[in-house]
Amino acid sequence: MDISNAYFAAIIQSLGDAVIGTALDGVVTTWNPAAELMFGHSAEEMIGQSIDRIIPPELVPEMHSILARIKQGERIRQFETVRRGRSGALLQISLSISPILNEQGEVVGAAEIARDISERLRAVSKLAAMRQRYGAALQASQIGTWHIDWQSRTASRDAKASQLLGLPEDASESTVDDHVASTHPEDRARVLSALETAARQGAPYLEDYRVVGATGEVRWVRDRGGPDPAGAGTSASLTGCVADITEQTAVGTALAIEHARLQSILDRLPVGVVVVDLPSRQIALWNPAAEQMLGHGPLAASLDDDLPLRVGAFPDGRPYKRDDWPVMRTIRTGEAVVNEEIVIRRAEGTARSIMVTTGLIPDDSGTPVGVLATYDDITDRQHNEERYRLMFETSPIPLWVYDNVTLEFLAVNQAAIDDYGYSREEFLAMTIRDIRPTEDVDLLLERISLLEKGYEQLDWADQPQRTWRHRRKDGSVFHVDIRSHDVEFDGHRARMVMSIDVTARQKLEEQLRQAQKMEAIGQLAGGIAHDFNNLLTVIGGYANLALMGLPDGHGARAHLTQVVAASERAAALTHQLLAFGRKQVLQPRVLHLNTVIDGMRPLLARLLREDILLELRLDPALCQVEADPHQLELVLMNLVINASDAMKSGGLVTIETKDVFLDEEYVRAHLGAKAGHHAMLAVSDTGHGMDAATQARIFEPFFTTKPVGKGTGLGLSTAFGIVKQSGGHIGVYSEVDVGSTFKVYLPTAGSLARVEEAKPEVTVLGGTETILLVEDDAGVRDFSVRVLRQLGYTVHEATNGEQALRLGRVLGDTVDLLLTDVVMPTMGGRQLSEALAPICRKMRVLFMSGYTQNAIVQHGVLDPGLEFIAKPFHARNLAERVRQVLSTPLRPRSVLLLEGDAAVSAFLCAALEQNGYSAALASEEAELVARCRQKPVDLVVIDVIQPVEESIQQIQQLTRELPHVRRIIIAGNWDERIRKEARRAGADECLEKPVALDQFLKTIRDLIG
């Protein structure tokens, strides 16, 4: 070794930090004395061994990762981690690691410098505790703090400082000028000058001055501060505190002022303070809290006098002797007395529990010159603890405390006893393992180990694994939400637990998940059926056309007949999918369920085998419902078929109706149900029944318990979709080997139920009218054009809404019928019909679609006045619907006015009727919405008389409720901003009062024709 290497080796050996050299595989090559001292292993023991020897097993991968980074030439600086000493104790260390290079510059090892930072971390913890104690002391001392940045001339302060400076307590920030705004005018300039000097020179600041309060009272404050230690070297920032020294200034000398300041602090302390001067054996200082605590007058001056502080007893009732006074014991032994509880009987006879602490006061040389005693009245605290005990005991939520080590119950409240069924004595003889199912105990112990690793510091809401299964004394298992927190209980490290029964909530969550799954499947089914219906229209339509053109006996007729039959079966399947997905178009009317059931008696009898009896229990006073009768027939048929299939050996099917009221409790327990009056349809059987798992999936599409090939699994899912789309609720109750009952709840019809308009009877197919046909699917469009032209109609075809709009502008009033698909790119069928209405004023509209869209339906129900043909359709279906719509007389455009100013509304209504419109008045918004859902309404006019904000909200609400009804808003205070807000809210036009009649009528014509 040359001199240089020897020199460096000597430095390494003498360093106070541990120096460790390792090869890249972790084998130790260097181990200095500081490393021996830190880890307890000698160099002989470590050199040649793996560095893993001093690394906790869970951190070994971390070290290997670091060595891999070192191999790449990376340096690690001040990395804090944990190592294990020879004794097994864990050491908190800071590591700096550098690569060791050979003469060729290659990395051949790592040099580690380790520093024990355990003491530093303990010091940081102590510093945080000191800061906390400082904050508490500052709060108790009635001193306010402030901060001033002179460069920005801004000030901030706490509430106490604001109070002392005569400012509002919530004025935490202000300018410097406002900071001294309540300073006495004669003192203000001096204070500002002193603050500026201290800020600019970085000098201390101390001023006594007067403050004028809000009511005019004048008080003295002492304001002191200095450069902000956190100011990063800037000299324009001050931090300080302010205290009320009004009483001190009344005394005249500096000593008297200082004494008064100290006395003022002591007087405000809630803790009794007594200072004894040892040389004179005199009580040199006490505060009012001490006198008040004892209930006696001023304290005697000498220790040799009778002192009320000596009168009392120990908590166990033993009387206090003269020398038992903690002050006397401290004088006699020189030892402090810390938090000793005594009971003192006050002069009026009441007993108070006092916590006493005493200690010696030394002079500069360390010689005791006095005794400081503090007296804390804990009577109220003990009462509070009793109140907390009562709160714990009387809480309606089960609570308990268990030992962190033994897991034994230490305390339980009455709610836990009632809920779990164990007596208090049984609980206290058990551990928390005993209320878990056996299979959950291992998970519990794992959870407790997590708590030991630090999760106990988390808030209750952030703790992992909060939902558990618990077991009652009777063996029943239920789900609970557990919240817990660390507590100290009778000297034990313990944990307090709150147990909330969430069994009902989990049931609702499971219902919600099932509903979401059903909704997702329904969306998928609807999308598939939409495209499939277009294909079936083409397949079935052309097959029917081909059949119509072939003579009887032609060889191809049998094949085409099979194609038609297959397309019809496929169409039925898509209708079932649409029904489940709630994507079909309902055409409801007011009806009696009993009437529907009576009309189906012959069909139901044919559906049931000879060994199955049918019993009807129909309530003759049953309320009416608003529903699609054909869809209700499908629901009843599917339920009866399901009941029949459940009874392999015969049985009884019961169909029952009655009026019921679903209350809030029922709604909370059954997701999707709505409170109110309903007509109930129940179908019961005496079949084999279903278990809980089957009931959970019974409404899923394609789910069936029948053998393969014996059922599609769509019957009950179809019923489910129809009931939901009709605004109702369906549920099932079943027991294995007992039977099942399906109950359908439909809301009763309101007073403004939809009016069913009579359809003209079709006797002749075909005609000479002009039809504008719009369809983006080429196959459907070509088929429809061919059928209609064969029937004699003049057909203009368009592939999208924009092309159709251009054609409409050319054709004008010659268009007799718009036959349009609903769902098209860019411009849908509903939007197209609204755009063409003012242009083609004699035009009727027939919508066609494979599934519902909000363009023509609301909640699955066809908007009033709209005509619709469902895909797939055949040539005759199309011919009949087109002829039926063309034979329907043109209805006048309908306008509904929301009554504002009565005279204005009546005038506009009369003017509309004189110009060929159908006009009506609605007295309130709810009536307007109900009328729009009852009969066709093209436009609503709202005469606004309330404030603008309420009007905007009203427009937004109407837009949500009636998205396809045009809206004109009339008001007397439009400006450009409000007009824009109204249009964003959904207004089609905004007219300002007074409205000229010509302008009003022109606006309506432009919107609806």
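The model is predicted, so please read every value below as computed from predicted coordinates. The protein chain holds 33 helices and 40 strands, and 44% of its 1009 residues are buried. Among its contacts with a separation of 6 or more, 57% join residues 24 or more positions apart.

**Helix H29: length and sides**

- Helix H29 runs over residues 902–914, and at 1.5 Å a residue its 13 residues should span 18 Å; the end C-alpha atoms lie 19 Å apart, which agrees.
- The buried residues of H29 are Ser905, Leu908, Cys909, Ala911 and Leu912.
- A helix rule is handy here: an α-helix has 3.6 residues a turn, so residues three or four places apart point the same way.
- Ala903 and Gln914 are exposed, and they sit on the face of H29 turned away from its buried side.
- Just after H29 comes Gly916, which takes a positive phi of about 90 degrees.

**What covers H29**

**H29 against H33**

- Two packed helices are described by the angle between their axes and the distance between the axes.
- For H29 and H33, the packing angle is about 60 degrees and the axes are 11 Å apart.
- That angle makes H29 oblique to H33.
- The crossing of H29 past H33 is right-handed.
- On the H29 side, the residues that meet H33 are Phe907, Leu908, Ala911 and Leu912.
- Their partners in H33 are Leu997, Phe1000, Leu1001 and Ile1004.
- Leu908, Ala911 and Leu912 are buried residues of H29 and also take part in the meeting with H33.

**Helix H27**

- Helix H27 covers residues 829–836, and its buried residues are Gly829, Arg830, Leu832, Ser833 and Leu836.
- They cover an arc of only 160 degrees around the axis, which places them on the same side of H27.
- Strand E29 (770–774), helix H26 (801–811), strand E31 (817–821) and strand E32 (844–849) are among the elements that cover the buried residues of H27.

Methods
Residues numbered from 1 in each chain as written. Predicted model: local features only at pLDDT ≥ 70, side-chain atom pairs only at ≥ 80, totals over all residues. Heavy atoms only, no water. Helix = DSSP H or I, 4+ residues; strand = E, 2+ residues; numbered from the N terminus. Expected span 1.5 Å × (residues − 1). Buried < 20%, exposed > 50% of the residue type's maximum accessible area, 1.4 Å probe, protein only. Axes fitted to C-alpha atoms, helices over the stretch in contact; angles between N-to-C directions. Parallel < 35°, antiparallel > 145°, perpendicular 65-115°, else oblique. Left-handed = near helix turned anticlockwise from the far one by under 90°. Contact = heavy atoms within 4.5 Å. Arc of directions from axis to C-beta.
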